[in-house]
Amino acid sequence: MAETRAGVVGAGILGLAIARRLAETRPDVKVTVLDKEDRVAAHQTGHNSGVAHAGLYYEPGSLKATLCRRGIGLLKDYCADRNLPYEECGKVVVARDAAELAALDEIERRATANGVPGLRRLTGGELREIEPHAAGVAALHSPTTAIADFPAVARSLAEDVTKGGGEVRLGFEVVRIGRAGDRVTVASPHEELTFDRLVVCAGLQSDRVARLAGDSPAPAIIPFRGEYYRLVPSRTDLVRGLIYPVPDPRYPFLGVHFTRRVDGGVDVGPNAVLALAREGYRRRDVRPADLWETLRWPGFRHLARQHWRTGARELYGSAVKRAFVAEARGFVPELTAADVVPAPAGVRAQAVDPDGSLVDDFRMGRLGPVTTVRNAPSPAATSSLAIAEHVTEGF
């Protein structure tokens, strides 16, 4: 049997999961992962909240819902098999007042339809039995929502790839992709490789790399920085697990929340502010070419016109600590500004269509021998092993 050469652009958790799936299930495939960084999980995988989502929010029947429910089971088993951190600390989604009850009802409907196990509606009193310092008139409890160490999972997946005969090539920046019949050439500034199949899942650069392969400009990636604070060690007892708000259905962002980490710390956040660089984790990170690309995308201009008030509110919370803390205090009233210190930020690769619509579901495409993953936001890390099954089906 002739060997099939498969390339995967992107050494985040998703690209590595796809490569591992091919290396372990297809002995006829020689897989090579390419990434411009000097380490795996350098961007979204290494800067996320570490939450393994149970599937509460997603429209039943959507790829997000289906792959999240499948993915969390696979992730739990994988972490157990590899002795990686995975803790079902549970999550409460809290309605602060009666105005949020209808939205909480909708989340409960979706979660039930998605088969989220152990789901329970709570009164305000029952909420405080689970999270003694939380406040709200009602809540939804998901006991199987968990926390994991996704960079550790990614490193383990990379080891699986190499053990399965594959290769992880770091420091390989893809600058050109050519298609000639059934062959795909992928070039860095110094080298050119040829593959029979190529999968592009380049995260914050996914639209750019997809365009190199001949895909359409839409959707474009607009980078949003998510800023966090972290509870000081003496105040981590304010939160037992995960405390989330009822999200605004207009946005794919979940709002400021409290997230326990596998190391015992507790993060508060994130907000969502426009990043001035695709990989701009600090406020001072500005890359004019990235910013210009964002500003000239028609979808961003539509988005800004429609939602400038929300954007202004997020910027205010970013600039003024007491405003950020006040938002979080709506769920944990005892929280004070002295209880938190700045924590590392992340950048979300948010796909935006030309009309300004924020792409919510996973979006993938096919161009002959090239598969492109154009939108894979949260819960992509949770879903990564299931996405790998989906992408490699019929490979």
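Thr185 has a bridge partner in strand β12, and that partner is Thr194. This pairing comes from a predicted model, as does everything else described here. Four residues lie between the two strands, and together β11 and β12 make a hairpin. Strand β12 itself, residues 192-195, shows two faces. Leu193 and Phe195 sit on the covered face, while Glu192 and Thr194 are on the uncovered one. So Thr194, the bridge partner of Thr185, turns up on the uncovered side of β12.

Next up is a loop residue. Asn271 is found between β17 (266-269) and β18 (273-274). Is Asn271 buried or exposed? Its relative accessibility is 7%, so Asn271 counts as buried, the cut-off for that label being under 20%. The Asn271 side chain also has a polar contact, at 2.7 Å, with the side chain of Glu227. Once neighbours within four places in sequence are set aside, the residues in contact with Asn271 include Arg225 and Gly226, along with Val256, Glu314, Ser318 and Phe324.

Finally, the cysteines. How many disulfides does the structure hold? The count is zero. Take Cys89: the closest cysteine sulfur belongs to Cys79 and is 13 Å away, so the two are too far apart for a bond. Cys201 is in no disulfide either, with its nearest cysteine sulfur, in Cys68, lying 18 Å off. Cys201 counts as buried because its relative accessibility is 8%.

Technical notes:
Residues are numbered from 1 along each chain as its sequence is written. This is a predicted model: local features need pLDDT of at least 70, side-chain atom pairs count only at pLDDT 80 or more; totals for chains, interfaces and linings use all residues. Side-chain values use heavy atoms; hydrogens and water are left out. Buried means under 20% relative accessible area, exposed over 50%, partly exposed in between (1.4 Å probe, protein chains only). Two strands pair if DSSP finds at least two bridges between them. A polar contact is a pair of N or O atoms within 3.5 Å; within protein, one must be able to donate a hydrogen and the other to accept it, and residues adjacent in sequence count only if both atoms are side-chain atoms. Contact means heavy atoms within 4.5 Å. A disulfide is a pair of cysteine sulfur atoms within 2.5 Å.
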